[in-house]
Amino acid sequence: MVALDAVRASNASLKSLPSGLVAVFVGGTSGIGLFTARELVRNTTAPHIYLIGRNQTEATKIIQELKNINSSSEVSFIQKDVSLLKNVDEACNEIKSKEKQVNLLFMTCGYFVLTGRNETAEGLDHKFALHYYTRMRFVDQLQPLLNAAATSKTLSRVVAVLDPQPGLRLTPNLSDLDLKTTFSLKNCATHASAMTNLAFSRWASQNPGTSYIHAFPSVVDTGAGRDAFGAFAPLAKPLLWLVTKAMQVKPVESGERHLYAATSPTFAPKANESVEDAAVGGDGVNGSGSYLLNWNGDILADTAKAKKLREEGGEAKVAEHTREVFEKICVEGGKY
């Protein structure tokens, strides 16, 4: 575990970074995205924060809160339902029209449900879209701005908060990556996890100035399960809270730890010259630029299954599938 004092010291050092850092929070109007945005605003000089979400009312309150924390900050809200990739592109186009670089892309979009496959108008499962395709589309569209930040020798980082662990223990079905025929909640978790691990490893190789973090959040009261229990929510949610109370990470600490993951030099991009000071990447190599983290900042070790998946071309297969989805939906305007 990375000591909380070390986390706070690292976060406090962000004041030494150039002013005007640009950070995009996808899912930033609640939960871990909001907790982390608060800490970023608190610890940097004149940051420009983009919050992307659906709730204008909450966003208005959050904008004022963040301005109260740091009056030099600029906060913009982009109202989009990002379960649809066309809406992701619209949000990214708005950012690209206003910014020359992006220093941080922080993604927590998703939700917890107990139901089966539920397709969006674009032909993707709603949960799976938010946990994987949406996130990869944001990376794909904002990577040029992340590269620009890397070129200017400032922070360039992507963070996805989900869970790297299923992808380290289990193997996705490479013949049904979008889960059209083999969907289950377990398979959805495995695919989103493994495909993110593989995609980030590939992104890190192709964009050595940016580092990529896939982080497990632990148990945090985020509201992500607000739709999971339907009519039983009034009874189920308090019971779930009691069961998980002992494992919960407090919101402030969660924000502090995720800001550390999002900014610490320990998680250096592949191009960093001080590789000996970098953490061990998801492929077991120091400073590989792609890192798999537990909630407390500990590195999650590579596994034999994950290594075999990479050796058998898993990265390329996931990249090809993801590109096919983007081509069909985002370029052709069709349904996958």
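Predicted model: local features only at pLDDT ≥ 70, side-chain atom pairs only at ≥ 80, totals over all residues.
## Aromatic pairs, a parallel sheet and its helices

Tyr 260 and Phe 267 are both buried.

Searching the whole structure turns up seven aromatic pairs. One of them joins Phe 200 and Tyr 212: the ring centres are 5.6 Å apart and the planes meet at 50°, so this pair is tilted. Phe 200 belongs to helix 7 (residues 185-206) and Tyr 212 to strand 6 (residues 211-215), so the pair ties together parts that are twelve residues apart in sequence. Phe 200 has a relative accessibility of 1% and counts as buried. Tyr 212 is buried too, with a relative accessible area of 0%.

Back to Tyr 260 and Phe 267: these residues form an edge-to-face aromatic pair, with 5.9 Å from centre to centre and 85° between the planes. Here are the two pairs side by side.

| Pair | Centre to centre | Angle between planes | Arrangement |
|---|---|---|---|
| Phe 200 and Tyr 212 | 5.6 Å | 50° | tilted |
| Tyr 260 and Phe 267 | 5.9 Å | 85° | edge-to-face |

Elsewhere, Phe 128, Tyr 132 and Tyr 133 make up one aromatic cluster.

Seven of them form an open sheet in the order 3-2-1-4-5-6-7, and the pairing is parallel. Strand 3 (74-79) and strand 7 (290-293) are the edge strands, each pairing on one side only. From one strand to the next, the twist averages 15°.

Ala 23 stands opposite Leu 104 of strand 4.

### Helices on the sheet

Helix 2 (residues 31-43) packs on the sheet and touches strand 1, strand 2 (48-53), strand 4 and strand 5 (157-161). The direction of helix 2 makes about 165° with that of strand 1. Helix 9 (residues 251-263) lies across strand 4, strand 5, strand 6 and strand 7, and runs at about 140° to strand 5.

Leaving aside residues up to four places away in sequence, Thr 36 touches Phe 25, Phe 106, Gly 255, His 258 and Leu 259.

Helix 5 (residues 126-151) packs with helix 11 (residues 314-331) at an angle of about 85°, and their axes are 11 Å apart. The two helices are therefore roughly perpendicular to each other. On the helix 5 side, the contact is made by Tyr 132, Tyr 133, Met 136, Arg 137 and Asp 140. Helix 11 contributes Val 318, His 321, Thr 322, Arg 323, Val 325, Phe 326 and Cys 330. Within this contact, Arg 137 lies over the face of Phe 326, 4.9 Å from the ring centre. Tyr 132 and Tyr 133, also part of the aromatic cluster with Phe 128, take part in the contact as well.

### The end of helix 7

One more residue is worth a look. Ser 205 is located in helix 7 and, at 44% relative accessibility, counts as partly exposed. The C-alpha atoms of Ser 205 and Pro 269 are separated by 9.5 Å, although these residues are 64 residues apart along the chain.

Methods
Residues numbered from 1 in each chain as written. Heavy atoms only, no water. Phe/Tyr/Trp six-rings, centres within 6.5 Å; stacked < 30°, edge-to-face > 60°. Helix = DSSP H or I, 4+ residues; strand = E, 2+ residues; numbered from the N terminus. Buried < 20%, exposed > 50% of the residue type's maximum accessible area, 1.4 Å probe, protein only. Lys NZ or Arg CZ within 6 Å of the ring centre and 35° of its normal. Pairing = 2+ DSSP bridges. Axes fitted to C-alpha atoms, helices over the stretch in contact; angles between N-to-C directions. Contact = heavy atoms within 4.5 Å. Parallel < 35°, antiparallel > 145°, perpendicular 65-115°, else oblique.
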